[in-house]
Every structure is written in structure tokens, then in C-alpha cells.
Amino acid sequence: MKPNTGKYVQQLRAIKVTINKEYVLAFVAVILGLLAGAALMLLTGNNPVSGYYYLFRGGLMNVERVGNTLATATPLIFTGLSVAFAFRTGLFNIGASGQMLIGGLFATAVGLTLDWPKPLLLPVMVFAALVGGGLWAALPGWLKARFNVHEVVATIMMNWIAYWTVFYTVPRYFKGPFLETESQRIPYNASLKLNSLTSLFGGSYINLGIFIALLFVLIAAVILERTTLGYELKAVGFNRHAAESAGISVNKNIILSMTIAGALAGLGGATFYVGYASNMQIGVLPSHGFDGIAVALLGANTPLGVLGASVFFGLLHTGKGFMNAMTRIPPEIADTVMATIIYFAATSIMVERVWTRWRAKRGGVR
Amino acid sequence: MFKKGLLFMLAFVLVASMAVGCTSRTNTGGNGDGKSEDSLKVGMVTDAGTIDDKSFNQGTWEGVVKAGNEFGLETRYLKPVGTTEAHYITEIGNLVDAGYKFIVCPGFKFETAIFQAQERYPDAKFVLIDGYPHAGDWAPVVAANTVSIFFAEHESGFLAGLATALELQEGEVGFIGGMEIPPVQKFNWGFQQGLLYASENFGTNVTVKAENVIYQGTFDNVAAGQQLAAQMYDKGVKAIFAAAGGVGVGSINEAKARAKDGDDVWIVGVDVDQYAEGIYEGNKSIILTSAMKQIDQAAYDMIKAEKEGVFPGGEILLFTAANDGIGIPKENPNLSADVMAKVAEAFNMIKNGTLVISDVQGDLIK
């Protein structure tokens, strides 16, 4: 019995160490990002201490702002999960923006067409978004599996197809009485916003999306860590050929992984267009898909990491305006500071390299 | 190696903290966070596009800055992360929380945001340019702390069209619009009426084909503006009326490049006098004339009214030829004196009501 327990403890310790290491790395990356942002503020003659003070106050100073931070983070959680999920299968999903658009379009279409009571309508809309996003990503997945078309190229192009599809569909079928450039307003019974939730957070934009997001963080974690499907997906990601010779169908898993990734991004679209926003505008490709890449990198491609990274990004986006208003930092510099923080935060892989090399060296000296 | 890195870090931190000390000392007092409640602080939230878009945002901001300098007011603009109602309200909230109680918002996209903000922040005042607050149902609700401002773009477009036709005498012209929204549509319809008026009354032969009337769909896609202009010029169009914000900047760039090569191409500017933007050699500009809206004047007037205690809250103001709210620039180096005289005559006829320009499409193109 004893050796067995020892082995178990050892295993546990190994798991603990890896988890710790990943979070430490992400933390270091964030600190680096903040330092780089501070350096930029200094270079432009601003005080980074007051800058960051107002940035964080802007995102957290009252319940309304906390609510807005969470609301801003919600679509990012989904796009982050989407990118991370594909990453685990060795696929690079740059198309989360387009999948979001289609998910949003599907949800909007259902919401504006059906006049059902809220508790019945919302699940249908959310499901429509899931299906829309999933189908949108399944195509590049299939192209990759069948013809080896690189998914980066295919998903980028699908972004623009989505963009122009929305551009055509919304004014044609869902436009309001006057404007050619946006859909009708989403009625309350089709919106993810809930009056009680809005007033609980002092008029914030927080909506049911955050709970759906939390649910899917859990679902993604379970799929990846606890199911055969997740095991196969990851195996394909680690080594395609090894997975194949082990009897795992690589093609099936590529299509499946892209579909799930797309479905997640599509859900993000629903939370954005019928939750955070109140209608769908044409001519805008949401930036969430690209932020999602940074979120996934910072979150070490784990669902929980993505959750944390998204909230951090939501905080940055929400606090930025308050920082602008309270300091002399102009919006353009603030945008650059945000980009710098994100850039450095996303280099956690670089930090990891340096870390391992340093440890190897220290080990070598001894 | 490691020691070197540590030293570097240490040096960096030292320098950084020194710099922090310096800036915080020089910045004291002027940090914008002084709680001087009595003095008016004027804020602005930008619409899609940048503050230096050479048209809408810039015009508004120049008016704000002018008033700020004249009355010694603190001014600040914020740039929203996106273009949804939620993004706009977030930034309005940031300004209000930072003590900016007079807020100018350019663009119809602010309509629903201002509708909520005017109620939520009763001690703040709002100026909405090109739109009126409503709940999403287009029933105007202008509260006592809000002024909404409209311009007679059709009259401005008419004068620019008339000037273009008289100056060119014959040939093809085109129109590039940003989004297909009322202010841009009215520019287009007015422009076409100006061309028709010139041919009926002065025997000119300047026409526009349906294929050369295009709404690009955004206000910030510079590359697309350049491409559309290139296509039109290739088809033999001599002058393009670009009512498209940043898209128009692309068109101006294309015209400048062609003019440098000796081509005979022109752009009709929009919103502000864009002559300076079109200079390609010495003081030669490809801007024939500009269809102006006195946005800066409107913003300035409202701030002045507030300072004098006569803020026209609750009203919808209309800036037309009758109150010199629109027109073409006083100086147009590319127009002959004869053309200027004829345009001035038409301007006066509009002013005294003998000439009425339609603000609906009728038989006109798009």
C-alpha cells in the first residue's frame, strides 16, 4: 500500500506544479505588460501610477462598473474558449469574429422573428447562435480535413464572408423603419438583459450571457479533461501522426474541434448582439475574435485561464475611458497602452521559454 | 547572464521610479482630477472613426476646443471601444463621473444612448448633433437637459452640386457616401438636385450615373475609399462628391496621386472645408469645393449659450441656409468668380425661400 500512496502523492505534486507554473507565467506576463504600458505612459509624459489607479477604479469602483467589466468580458470568454479549444487540437482559429457575427445573426433573426415569451425564446436563440457559429467553423474544418486547406487562411476568409453576409441580410430582412445600417432594436423579451439583473448592478450592461459563459467554461473544461473526446482532440493536437497510428480519426477530430470552437464563438455573438448590444450594426467586424487569441494565450489555453484573462481584458476595456477622463492621457495613447499590455500579456509563451532556459542553466551550474 | 538581467531590471525600475517622481511633480494641479465643481467642463464622445477624421469628429472637437480656449474651460474627448449603445453610454458615464457635465455627441448613433443618459444624469447637459434622443422607436424625447441639432445637408449638397456643374460645365461626376444614413443621403440628393438645377438654368451638361452613386458602408475604411475613387476615375468620372468621413480621406488620397500625374480629377469635400487636405503640390488642391455643415459653430454656440445661461434645453435646432448653418467655403481657389457669384445667388434664394431643395429621394438616384 505504501509505495502506491507515494506514487499517488508524487503524481498529485506533479499536477500541482504544472498548474502553478502556468498561472505564475501568466501572472508574470501580465506584470510585464503593465510595466511596458507604464513605460509608454512615462515616455508620453504621463504618470503611470495615477493612470493605473484610474484604470482600475474605472473598472471596479462601483457595482455598475464591476457589472460592465463582467459584461465586457462575456463575449471574450467565448472567443477565448473558442480559440483555446481549437489550439488544443493544434488548430489556429482566427475566424472567431466571423463565427460571432453569424451566431449573433442567427440569434437576432430568431429573436426578431418569433414572438415567444422570454423563458422559451432565449434558449432557442442561444441554441440558434450555437448552431450558426458551429456550422460557420465546420466548413473550414472540413476543408482542412478533406483538402488540407490551411485553417488560418480559410477562417480569415470566412470572417469576410460573414461580414458581407450580415451586411446584406440585416438591411434586407431585419432593418428598422429608418436606418439602413442596423437591425431593429431587440425587444426586451428577446434580450439577454434582465431588468432585475440590470438594477442589481446599478444599471450596468451585465446580462444572462455571463452565466452562460460560466456554464460553458465548465463544459469546455469537462470535455477537454474528462472525456474520451477531449483526449482524442488533444492527442491530435500533440501529434497528428501518432494519434492516427493509435487509431484516432484525425479528420473527424479536426472537423469536430473546429465545430465546437465555432459554436463557442457563435454563443459569444449571441451574448454580444442580443445581450450587451441592443441591435446588430452592419459594417463592423467585432474585434473580440482577435482579442480572443490574446485571451487564449494568456490563459494558457485552459478554460479557467481563459476566464481569468477575459475578466482582466474586460477590466482594461472598461477602465480605459475613465482613465482618459481623469488624466491627461489621450485616447490614442490609452489604446496603445492597452495594446502594449495585451501584447506583452500574450507573450506568456516567451516568458515560459526564458523560464525553462534559466532553470536549465541553473541546474547545469549545479 | 542572470546577474546582468537583474542589474538591468534594477536600473529600469530606478529610472522608472525617478521619472514617475518627476512627472507627478510637474503634473500636480493640471491633472484634470481637480474637484472644481463650479467651473464648466466640456466633454465629447467620438463617433466611429478617429478624432482627426477631417470631417465630423474633428469639426465637432474644433468647436469644443475653440469654446474651451475662449471661456477657459477644461475639455476632453473620449473614444469608445466600439459603436454600440452600451459603449457610448459607458463613455458618457466616464465623463460624468469625472466631472464633465456638458457633453457633446456627434452622430445619430448616439440617439438611444442620449435618451438613457439624459434621464440618468439629470445634472449633466447633452448636445446631440445629427440626431434626436429616442427609446428606439423614433419618437423624439428631448429632455430639458438636451439639445438636438440637425443640419440641412440637402441645401449644402445642392450648393456644392451647383458649383461643381458650373465649374466643370460638362462631364461625369460620382458620389461616394459613408453609411446609408439620412445625413449622407440628404447630401447625395441635394448634390444631384444642384447638378439638375445647373443644367436647367445655366445649360451645363454634368451628369451622374447610377453606377457611380455608391455607399461604401462605413466611415473609416480608408482603403475602400481609395479603391472606389480609383474605379470611378478609371470610368471617366471627373469629380467625386465624397460624403464619407475616413472613406473620403481615401478618395482624396487617390485624387491627389492622380493629380500629381497630371490627371484632371476633383473631389468635392464634406462637412468642413477640406481644401487643405487636398493639397498635392504647392497650394494646388484637388478639392473643388466643400459641402459644409457648421458643426464646429454649432458645438461652439451651444457651449457659449450654456456659459451665458441660455442653453436651449429641450429643443431641436435646425441649421440651414436661413441661419447660415450650411454652405460652401467663403474661399474656393478652384472656383471662378462667376461660379461663386451664381452659387451665392442660389444661396440667397434658398435663404429667402424662393428656392426649395427637397430632402427626400423622389426620382433621384439612391
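**Contacts, sheets and a buried phenylalanine**

Author: The contact takes 34 residues from chain B and 38 residues from chain A, where two residues are in contact if their C-beta atoms, placed from the backbone, lie within 7 Å. This is a predicted model, in which local features need pLDDT of at least 70, side-chain atom pairs count only at pLDDT 80 or more, and totals for chains, interfaces and linings use all residues. Residues are numbered from 1 along each chain as its sequence is written, while chains are lettered from A and ligands numbered from 1 in the order in which they are written.

Reader: Why is A:Phe272 called buried?

Author: A residue is buried if 20 or more other C-beta atoms lie within 10 Å of its own, exposed if 12 or fewer, and partly exposed in between. A:Phe272 has 32 C-beta neighbours inside 10 Å and therefore counts as buried. Its place is in helix α11 (residues 250-276) of chain A. Leaving aside neighbours within four places in sequence, A:Phe272 is in contact with residues including A:Pro75, A:Met100 and A:His288. The C-alpha atoms of A:Phe272 and A:His288 are separated by 9.7 Å, the two residues being 16 apart along the chain.

Reader: What makes β7 and β14 of chain B edge strands?

Author: Two strands pair if DSSP finds at least two bridges between them. β7 (205-215) and β14 (326-327) of chain B each pair on one side only. They belong to an open sheet of six strands in chain B, ordered β7-β6-β8-β9-β12-β14, with mixed pairing.

Reader: How many bridges join β6 to β7 in chain B?

Author: Seven bridges join β6 (residues 170-177) of chain B to β7(B), and the two run parallel. B:Phe175 has B:Val213 in β7(B) as its bridge partner. Helix α7 (residues 222-234) of chain B packs on this sheet, touching β6, β7 and β8 (237-243) of chain B, and its direction makes about 155° with that of β8(B). Axes are lines fitted to C-alpha atoms, for helices over the stretch in contact, and angles run from 0 to 180 degrees between N-to-C directions.

Reader: What is the strand order of the open sheet with parallel pairing in chain B?

Author: Its six strands follow the order β2-β1-β3-β4-β5-β13 of chain B. The twist averages 20° from one strand to the next.

Notes
Helices (H or I, at least four residues) and strands (E, at least two) are DSSP runs, numbered from the N terminus.
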